[in-house]
Structures are given as C-alpha cells and as structure tokens.
Amino acid sequence: MKINVVWLYHDLMDTYGDKGNILTLLRRLEWRGVKTELTEISLGEAIPKDTNILFLGGAQDRQQRLVMPDLMGRREEINDYILNGGVGLFVCAGYQLMGNFYQDADGSRIEGLKIFDLETINPGISHPRLIGNAVIKCPFLGEREYLVGFENHGGRTFLKGSMDCLGRVVAGFGNNGRDKTEGARFKNAIGTYLHGPVLPKNPKFADYLLGLAIDRIEPDFELTSLSDILENRVHNELLNKLKVR
Amino acid sequence: MVFHLLTLLLLLQLFLITVDAVERVIIRNMASQIAKLSYTTLKSIGRAGGTWPGEIALRLDKSYLSNQLGKLPQGFVLVTGTNGKTTTTHLLVEILRVSGLSVVTNSSGANLPNGLASAFIEAESQGKTPDIGVFEIDENYLPLILDQANPRIVLITNIFRDQLDRFGEIETIKNKWMKSLYGKGIQLVLNSDDPAVAAIGLLGDLDSKYFGIDFRNALNFTNLKSPKDSGFCLRCGEKLNFKIIFYSHLGDWSCPNCGLERPEPSELGGEYSLLLPGNYNQYNVAGSILASSLLGIERSVALTVSESFVGVFGRGETIDFEGGAFELHLAKNPTGFTQSLSEVRDALSPVIVLLLNDKIADGQDISWIWDIGLEEIYIHPQHLIIGGSRANDLALRLFYAGIEEERLHVFDDLHRALIRASQLSHGEKVPIVATYTAMLKARKILLGKSLL
C-alpha cells in the first residue's frame, strides 16, 4: 500500500506553514511503516488518478489571482474526487475557494468551485480581521476532543443548507465570529481556517484524515498509536493557555 | 460703538494668536527639555536608550522629528527592508564616524518614529551636534517619515515574507514605498538581486543605484534552499527564472515573459573577507559601501571598516557568560533562521540554543517555523536547548524535521537554559538563534542589564 499525498499549487498557495501539514501526513505514515509519495502539482498539471489525500492551502492575493483560471478548470476533476469519497484538506484560501463564492467589500464576487455549500463575505478593511488563537470542539474525533490553531482571515464564511461544520467554537472567531461554527465537512473533505499549521498540533485529527485515506484502499489496516508526547504538549499548552481545560 | 467692538475683537484675536504662538514655542522647548529629562532619569536607573524619551517628545510636539531631521547640516539616510537593517545601519554609521563625521542614529534597532526621536534626544543629552543622520526604519513607517522630511538616500535591503499576521503582502509594501518616494529627488540604493526591491528602481521613475552579488564568481557560494517569497515578476506576474540563487529569492533573476531583469549593480559583493558571519552579510556590506560612496566617502575606507566590523547588538555579537561564551543571532523569519543555522552549521560547540517567542515584536503567528528549510540543513550540534514562550512548538517542528527526541531539551526558564548550555559547551562558543524579544531577554541575562 502506498499513500499519495497531493499538494495542489504547492508553489503558489503555500502560506502560514502549510508545508507543516504535508510533513505531518507524510511522517506519521512513515513512522508506521507505510509507504508514502508526495506529488506537488502546479498550473496546468493533472491531479494523479491515485491521489489518496488532496491538500490545498492559503495564498496571497497575487498568487490567488494567478491560480483562479487554472483552479476553475479543475472543478469537475475535484468535484468527482470528493463525491467519490476522496480525502481532502482545504485551508484558508483553499477552503474559501471550495465554496460558492467569495464577495469582496465592494460587492464584487469571485466564483468558487461550488463543492462546499458555503459563501464568504469580506466586509472590508473597516472591519477588523478575525485573528488569534482558536479552539474548536470536535465531537466526531471523540468525546472532549478539541482542535487548536491560529486563525487570520478577513472573510466571514457562512455555511448553507445542510453543510456540516468542522467543529464548534470554544475560543476564537471561527467561520464568521457569529454562529460559533468553524470550518466545514462534506464527505471526506474538510475545510478550515485553522492554521498553525493545524495538523502537527492536532495529532488525532491528522490520524483521522490518514485513517480515512487508508480505509478506502486497505480497510483492515490499523494505524498503530504513536507516543505523540511533543504533539500533545503543544496541543495541551494551547488548551491551557485559552483556559479550555 | 461697533468700531470699538470690532477693535476689541481684533485685539482679542491677536492676543489669542500670540498666546498660542508663545505657547507653541514654550511647548516645543518644553518638549525637548521634558524628553531629555526622561532620558536622563531612565539612564540613571539603568534603563538607558529605548523609545520612551522620543515618545514623550512626539506627544508634546508633533513636529519634533521633522524639525530635527530638517536641521541636520548634511541631511540623513534611511535604511529599510526586512532583514539586515540594523547591521547595514551600524556599518554605515561606523564608516561615517571613522571618516570624521558626527552621526546621529537609532542604536538599538528602535526603528519606529519614537526611536528616531529618541536618537536625537540622546545625542542632545550627550552634548553632541550631529552632522548627519543614519536611521533604520521599520518597513511600514517609511512613508510616514518621508512625509516629514526628505532624506538624501533611502537604502532598501530586501523584502522577505515576515510576520504575516502583522504586515501586508510584499507587493503592497513595495507599492506603498514607491508612492511615498515619488517626485522627491531621493537617491535610492537598492538590492539588485531582490526582484521586488529592484523593481522599485526599474519600474518607478526614481534615481537608483544597485548593489548585489558578483555571480561570475558563483562557485564560491553555498546555495541554500529556502522558501521563495517573491519569485514572480513585479511587472507582469510571470514566474521568474533564476540563473543562480544566492539564497531564498535573491539571485540573478529575469522574467521570461516581459524581459524585466536584474539590473547591473554598481557595487559587487560576495568576495569581501569579513569578520561578520553569514553569506547574507555580503549584501549588508555591499549596501553600506555603496551608500557611503554616494555620500562622498572613499571606497577603500568603507571597505577597511567593513572588513573589521564585528557585529551589532544581537547580530553575531559574542557575550561571555559563566565561563563560556554565546554568539547571538537574530532570526524572525524562515530565511533569517535558515541563514543563522547555516552559520552555526560548522560550529564546534556540541550545543546550540534556539529561542522562540510570540510577542507582538516576534510575530504572534509562529507557523513560519514550518517554512524553515530544516530538512535541508544538517544541525551539527548534538544538543539543542530550546526556550521561549513557544518552545514546545519549536521542539515539535524540529522533531518532524528528523531531530531525535533525545537531542531536544525544552526549558521553561531561560536562565537555566543558558546555564545548561554553558555546561554542555565544553568551552566552545555557543550559538543562540532567537526571535527578537527572546534575544533581548537572553542578552539581558547574559549581560546582567536591562534594555527598554
């Protein structure tokens, strides 16, 4: 068995330590003796058929503009992948672009991939950005399980219809600072504003994603537990700092 | 009757204007006196320098700084950019002082307007009358200072992605700078090897001279990989080609689409034989030499001073402590960190100290530590002593980079961390790589003093 982690626009959409998410996925598999492959995709390159985990990260405005035409051309490709249960993690700009649209302060809209039923509105520079440490409660990971991270976004995201959130805000702003939701979940695809990056300090979450990916090719394979001393120290330190535990 | 009323009103008006003017003169003088008093007070309790005197002066008299800058007989130089400001500023100051000029400068990297104001107060309190000023200024405050007075030279070292939760994007900063520089007749001194910085000269209608690395002797350089910040053309947005990368996004660049390319530098670095550690200091020296020559200094003088320069507060500075010695390296972004680590790569010390804080001056979002190219660097010292408010995050990062858990020693208490490092050093000089406030704290402990 080999797990192919595919990093879309690794050269154009790589901010806030996104590399750490990729590293976490690869290392945690390698430490369990699972073969891994990292495929870095750029403009015009096809997403491999054997993609096991798809990652799309954050971007500065200029890079996002460069990416948009190419990304829109991949709508069907990515939609099929997700509908078939493909595992994906979409962070910050990647998360927003998976939605229906992103609306700027002047009312102009950037159309998204329309795979997540959500929309993002940026109220403009007169409104403060949603920045700071964040903790969300994540029941699907287990009882009293949390995700910790750092958020920094101007856009306020609103989930529509029956879109599930990733978790409920315990500290911080989350999707929009109002409805206490953070992130989104649809099939095996997850979107979030949490960076830090999010996977190294949330080992259970990282293993959850790995488990989903492995389940699709070798359902009987069990992920052995890692000692995770350093990971949990960072995780718990942030929980204590924000007085969650 | 009406006539008397009008006369009365006029006299009243004149009276108020006079009082106002007198008040302003008084306040202006008072501002300077009060600020000097605060400086002397702070100095007497051992907390010299810093930004409080300047802050007080500016609050009492908004035009304090512009007046002081305007009074300098030979004008002033501003140094800005992401990395290298402090070293470049200090080196340039040293070159000018050796040449016989009295220079006012902000010494401790206090690079906001109150830091510049404090520099003038300090000079005045020491009875100095400076001929010329050289100031490092924070990237975001360059336009503010340019609004107040025109420098002779603005030197821009580089633009790196840095502290994303604080500052805007590279393009935004570059555009802001260009807008504030336009039409003022300022001489620009720019890094030819940094596409965004060079673009300021190439795309703006601004008088520019360039410094860069002599790539024809490229074989002498170590090519370190580090994430690219602005590998895209600032004119057309196309991904840039590099014939050679010196480090990160600095190198011999050109745009395959619109033809914009690295301009020819007037001052070539790369071959200076320096006491300062690090390849990146070749740039700082080249910039300082070029700026000084534009101020009329003989190049041979500038070169001699540069080659004997041993470093600044926290930038390669060595401090003795508890029978051992520490060499301080500031790092606040992936590139700076990588460069500092590459410097200590060949260090003989069996221990290295790494300190990560997340206060405002360090950047509260520390995810950049995952962008440090740790996988491409072999960290030679066996023991890594890790401290600072986000020590655990740094330890985790190093662990994922392949450093064994046994080599990672996390300390809550910085004093104990430095003692332990001394013990493990076997008399070798121990490198410390730290973010800004962690470096201040370490320096305070090592020197037994306190800095504002």
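**View 1. The interface of chain A and chain B.** Chain A and chain B bury about 2,900 Å² between them, 52% of it on carbon and sulfur atoms, where buried area is the accessible area (1.4 Å probe) that two parts lose on being put together, summed over both. The model is predicted, with local features needing pLDDT of at least 70, side-chain atom pairs counting only at pLDDT 80 or more, and totals for chains, interfaces and linings using all residues. Residues are numbered from 1 along each chain as its sequence is written, chains are lettered from A and ligands numbered from 1 in the order in which they are written, and side-chain values use heavy atoms, with hydrogens and water left out. To the contact (heavy atoms within 4.5 Å), chain A brings 34 residues and chain B 31 residues.

**View 2. A salt bridge between the chains.** B:Asp393 forms a salt bridge with A:Lys201, their closest N and O atoms being 3.2 Å apart; the term stands for a side-chain nitrogen of Lys or Arg within 4 Å of a carboxyl oxygen of Asp or Glu. Between chain A and chain B the count is four salt bridges.

View 3. A:His195 lies in the loop between strand S14 (189–192) and helix H5 (203–217) of chain A, helices (H or I, at least four residues) and strands (E, at least two) being DSSP runs numbered from the N terminus. With a relative accessible area of 1%, A:His195 is buried, that is, under 20% (1.4 Å probe, protein chains only). Not counting residues up to four places away in sequence, the residues that A:His195 touches include A:Tyr16, A:Phe150, B:Asp365 and B:Ser367.

Conventions. Buried means under 20% relative accessible area, exposed over 50%, partly exposed in between (1.4 Å probe, protein chains only).
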